[in-house]
Amino acid sequence: MSSLHEFLSMGGYGAFVWPAYGLAAMVVVVNIVLPLKRLRRLKADIRRRQGIAS
Amino acid sequence: MDKYSWAWFHRFASPPYVYRVAELWAPWFAWIAGLLIAAGLYGGLWSSPPDYQQGDGFRIIYIHVPSAYLSMMCYGIVATASTIGLVWRMKIAHTVAVAAAPLGASFTFLALITGALWGKPMWGAYWVWDARLTSELILLFLYLGFIALSRAYEDSRSGDRAGAVLALVGVVNLPIIHYSVVWWSSLHQGSTKFFGGNADIQTSMLMPLLLMIFGFTCLFAACLAKRVQLELLGRERNAAWAAEAVR
Amino acid sequence: MLALASRDLRISFRQPGEVLTPAMFFVLVTTLFPLGLSPQPELLRTIAPGVVWVAALLAVLVGQESLFKSDYEDGSLEQLVLSPMPLPLVAITRVTSHWLATGLPVVVLAPLMGLLMDYPTQAMGCLVLSLLLGTFTLSLLGAVGAALTVGLRQGSMLMPILVLPLAVPVLIFGAHAVAQAANGEDPSGVLYLLAAFLVLGITLAPFAIAAAVRVSLES
């Protein structure tokens, strides 16, 4: 338990280290999720148009 | 023979081929990135000892350095792709440039924020007009300008070419901007070093850093592949290959 | 080329309003700083190089916005592209005559604004020389931005966003030369560097402007 606490406090730098990592995780997740979501929507859109055309 | 050896290059001018290649490669890059970053995080946050001068605050460099490196490499990709697109009139190259720019901007932003969070405990202020932070800020402006310009045109081909001209002007300027900012900040304050004192970095710190750099690069490649797919499909949604690709 | 230059000059000077706008802008922006900060001579003397240079930079860029606008709208830009003269040459002629009409008045007014900012009179020569070298480089950069955005509706807002980051080196060295001269140091090294930027700009920018004009006309 104390080792976990020690880990989280980062020798007093926790307030700077963890927001940095959290933000990095956020940027990475957005970079992954956004194109995937848009790609899925675009594919559905193309499929729908095809349905209308044929 | 000569004709044959260039065949691979010409295939990259074909949107369906590039789309399929990107589809094939993206998961591989993503998995490798996941493994490398997991190993890098374990090494960086858990098993490496605190720095004797900066304590645990230095652990921010494990994300700051890869982001800063990617932010610069990505501008190189944008500029190279723009050159290829302008010189050989290759549409795919422009697609790569347009797809890479938002990624580059996001990593530049990350490098700036992590630099500020690192600077607060080390320099006592979130923002100091350090040469590296200032250059990175200007790089962010260059990315935003490129994105704004290439999207401002209704016709994506004109937007591509306008953005490409801007990217080339930018890449000629970047070294001048960088060195002038370095000179300017050395004039107004002593240069601040990122690695306290001397730049000797221990192996226990270097290994996780290298893992993170390679991991971020693979992650970037995976995201870029997906964005290229998105751009290609969006631009050629009425083409026959697009109909087949979404099946 | 001479015919083109004289035509461009006549157009630029036909409307005195267009000639005076950047100069007026320059004077007004510089005047805002003592009003916004404080009129203490010591403070004004410290910030004078930066203020005069930032104001000149903004004024030149504001002036560049109209560089290709009327030519684009009445279709004469297309004729210039089709003319037998190489487009980069057309571009540099256009930028030069436009600079004479918009950039030069700013340079001429600079000593006056220097006086208002309590800038030492014996260093005025350096102020003028640095602006002379720098504003032309900025005109060339601004022309690239103006050519890229001339066909866009929101171009007038976009252009400074594209060009301002690229103008950073000129601002840094220009303002530094002016500050050095005010401190009684020899600014010739930095002035040579500004001249080098100008030479680089004259060599490369016309080709970028030509490429940008072609892109704008295609859309």
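Student: OK, what covers the buried residues of H3(B)?

Tutor: This is a predicted model, so keep that in mind. The cover over the buried residues of H3(B) includes helix H4 (61-88), H5, helix H8 (203-235) and helix H9 (240-245), which belong to chain B.

Student: And which residues of H3(B) are buried?

Tutor: Among them are B:Tyr19, B:Ala22, B:Ala26, B:Phe29 and B:Ala33. Further along you'll find B:Leu36 and B:Ile37, plus the glycines B:Gly40, B:Gly43 and B:Gly44.

Student: Nice. How many residues does helix H3 have, and how far does it reach?

Tutor: Helix H3 of chain B covers residues 15-47, which is 33 residues. From its first C-alpha to its last it reaches 45 Å, close to the 48 Å expected.

Student: Where does H3(B) bend?

Tutor: Look at B:Trp25: H3(B) bends there by about 30 degrees. A proline, B:Pro27, follows within four residues.

Student: Now H5 of chain B. How far does that one reach?

Tutor: Helix H5 of chain B (residues 91-123) reaches 46 Å with its 33 residues, close to the expected 48 Å. H5(B) has a kink of about 25 degrees at B:Ala100, shortly before the proline B:Pro102.

Student: Is H5(B) enclosed or out in the open?

Tutor: It's largely enclosed by the rest of the structure, because 25 of its 33 residues are buried.

Student: What happens just after H5(B)?

Tutor: There B:Gly124 takes a positive phi of about 85 degrees.

Student: Switching topic: which chains share the most contacts?

Tutor: Chains A and B do, out of 2 pairs of chains in contact. Chain A puts 24 residues into that contact and chain B puts in 28 residues. The chain A side has 17 nonpolar, 4 polar and 3 charged residues.

Student: What about chain A and chain C? How far apart are their closest C-alpha atoms?

Tutor: Those lie 24 Å apart, and no contact joins the two chains.

Student: And how many residues go into the contact of chain B with chain C?

Tutor: 22 residues from chain B and 20 residues from chain C. On the chain B side, helix H6 (131-152) and helix H7 (156-188) each supply at least two residues. The largest share, 13 residues, comes from H7(B). By class, that side of chain B has 15 nonpolar, 5 polar and 2 charged residues.

Terms used
Residues numbered from 1 in each chain as written. Chains lettered and ligands numbered in written order. Predicted model: local features only at pLDDT ≥ 70, side-chain atom pairs only at ≥ 80, totals over all residues. Contact = placed C-beta atoms within 7 Å. Nonpolar A, V, L, I, M, F, W, Y, C, P; charged D, E, K, R; others polar. Expected span 1.5 Å × (residues − 1). Bend = angle between axes of the 7 residues up to and from the residue. Buried ≥ 20, exposed ≤ 12 C-beta atoms within 10 Å, placed from the backbone.
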